Amino acid sequence: MKLQKPKGTQDILPGESRKWQFVEARAREIFGRYRFEEIRTPHFEHYEVISRSVGDTTDIVSKEMYDFYDKGDRHITLRPEGTAPVVRSYVENKLFAPEVQKPVKLFYMGSMFRYERPQAGRLREFHQIGVEAFGSSNPATDVEVIAMAADFFRELGLTGIRLHLNSLGTPQVRATYRQALIDYLLPHKESLSADSQRRLEENPLRVLDSKEKADQALVEGAPSILDYLDEESQAHLDQVRSLLDALGIDYVMDPRMVRGLDYYNHTIFEFITEVKGADLTVCAGGRYDGLVTYFGGPETPGFGFGLGVERLLLLLDKQGVELPGLPALDVYVATLGAEKSNKLKNPYDFSDTDDLSDSTSKEVKVNQAATLLVQSLRRQGLTAEREYLNRKLKAQFKAADQFQAKTLITLGESELESGRVTVKNNATRAQMEVALSDLEQDAAAVVARVLALGDD
Ligand code: ATP
Ligand code: MG
């Protein structure tokens, strides 16, 4: 077996992880304005928590689960999505209790696992940012959650993301529509893909979601669920639409849109964008008013979405959105005196300092002084880095430039003797001499003064 990462997973390396942190920080900030709070649930759950709530016949449960029996013979699955675990937690922790402020607004960020065929924007371990709001059947909740996702995209600088909206109505509406769809599809059964023939038996609404060309042509002519909405469902949809209009949020009605999960009713939505001529869903969600009772809680409406972080980053990249880089370094400490004798003993080995030759003991002192200095700077809240490799000064200065160091201090034997160092403005090359003790007392003030040098 090769010692490589499993298929469909990825290592998020420095540089890349910075982008993730940026996106996550924006989400936290924006969701915070709407008073959503973070919830963290386990990465694995009892199989049944997912299987029946998401739907036994959905692709997620029937094909994509990472499930196994643990050493105690419990049927466990890595979580493939965030909503069912959050609802489980909501009920288990009695967040429905009257003393908990309603609606309960939660968000999560983390890994999800699905056994899929890996391709661009489709992994086996992927990441979702998701939100769930419990306890409000007000269409304003639907719209606020949709608006929050739109804010997030807009503030990240993304454009061209279309909002698709549909209603699945009440469970009764859905049952009536289900029959109408069967009546429409059954005569054409033979021309459906094998998958869709199976779906027709098990879960006919899922045929609408088929990505097969052959199915799609038939789906075009299928009856629209919007023609089957009852008064209540129609009223809910009308309010959602007029609130979206009032907020100036554009959307298209997409009556063939269903979700890959069975628990939705009333409003469902997706944010879709085009990548290389193909539609890619970045964010998807809707209303799930029956899920809390399914988990044994009191009747409680719910509304939420899940957003694929990899797809979001793919888009940011495609649209050339610039994300902030690593912040510049406040101070780089270069060391002088050791670089001539590169092949010396380990500079961290203080075991027999008495025996050290003169030059080695100087080197050890400079090394220690550099460590004391950067530690003092860091404790004072500055970002500081130092030389560790005893390189020639030229290489050290190059390193400082790579760190975008704002200031530079060179430490050598003479500096240790005098207790004074030169702090250089790395941009203007202007410099200033200060006592090491000044740096220890108020490094920020010293740095500020050096940065002001050459400004006039
Ligand atoms: P798709 O139709 O693309 O398979 P889905 O209906 O399975 O999506 P959801 O279960 O609604 O997707 O998940 C919400 C979001 O999570 C998706 O819109 C997408 O951005 C992301 N997502 C889903 N599956 C994956 C995956 N395997 N890899 C990366 N992101 C994913
Ligand atoms: Mg899927």
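In strand β6, Gln128 is the bridge partner of Gly110. Two strands are said to pair if DSSP finds at least two bridges between them. Helices (H or I, at least four residues) and strands (E, at least two) are DSSP runs, numbered from the N terminus.

Residues are numbered from 1 along each chain as its sequence is written, while chains are lettered from A and ligands numbered from 1 in the order in which they are written. Because the model is predicted, local features need pLDDT of at least 70 and side-chain atom pairs count only at pLDDT 80 or more, whereas totals for chains, interfaces and linings use all residues; side-chain values use heavy atoms, with hydrogens and water left out.

Now follow β6 to its other partner. β6 and β11 pair in the antiparallel sense over 7 bridges, and here Gly130 stands opposite Gly306 in β11. How enclosed is β6? Of its 10 residues, 9 are buried, so the rest of the structure largely encloses this strand. Buried means under 20% relative accessible area, exposed means over 50%, and partly exposed is in between (1.4 Å probe, protein chains only).

Stepping back, these strands belong to an open sheet of 8 strands with mixed pairing, in the order β1-β5-β6-β11-β10-β9-β7-β8. At the edges stand β1 (37-38) and β8 (252-253), each with a single partner strand, so one side of each is left without a neighbour in the sheet. Strands of a sheet pair through backbone hydrogen bonds, either parallel or antiparallel.

Helix α11 (residues 309-318) is mostly covered, with 7 of its 10 residues buried. Those residues are Val309, Glu310, Arg311, Leu312, Leu313, Leu315 and Leu316. What do they pack against? The buried residues of α11 pack against strands β6 (125-134), β9 (265-275), β10 (278-287) and β11 (302-308), and also against helices α1 (16-33) and α5 (139-156). Contact here means heavy atoms within 4.5 Å. Just after α11, Gly320 takes a positive phi of about 65 degrees.

Between α4 (83-92) and β5 lies Pro103, and the peptide bond from Lys102 to Pro103 is cis, with omega near -10 degrees. The loop between α4 and β5 is also the place of Lys94, which has a positive phi of about 50 degrees although it is not a glycine. Lys94 counts as exposed, at 52% relative accessibility. Asn390, in the loop between β13 (384-386) and α13 (393-402), also is not a glycine and has a positive phi of about 55 degrees. Is Asn390 buried or exposed? At 14% relative accessibility, Asn390 counts as buried.

Lys211 sits between α7 (194-202) and α8 (213-220) and counts as exposed, at 66% relative accessibility. Its C-alpha atom is separated by 9.9 Å from that of Ser196, 15 residues apart along the chain. Tyr228 is in the loop between α8 and α9 (231-247) and counts as partly exposed, at 31% relative accessibility. Leaving aside residues up to four places away in sequence, Tyr228 touches Val173, Thr176, Tyr177, Ala180 and Pro223. Tyr228 and Leu168 are 60 residues apart in sequence and 9.4 Å apart in space, C-alpha to C-alpha.

Finally, look at the whole chain. Its secondary structure comes to 15 helices and 16 strands. The radius of gyration is 30 Å, well over the 23 Å that the globule rule gives for 456 residues, so the chain is more spread out than a compact globule. This radius is taken over C-alpha atoms, and the globule rule is 2.2 Å times the number of residues to the power 0.38. Along the principal axes, the C-alpha atoms fill a box of roughly 95 × 55 × 50 Å. Buried residues make up 50% of the 456 residues. Among contacts with a separation of 6 or more, 69% come from residues 24 or more positions apart.
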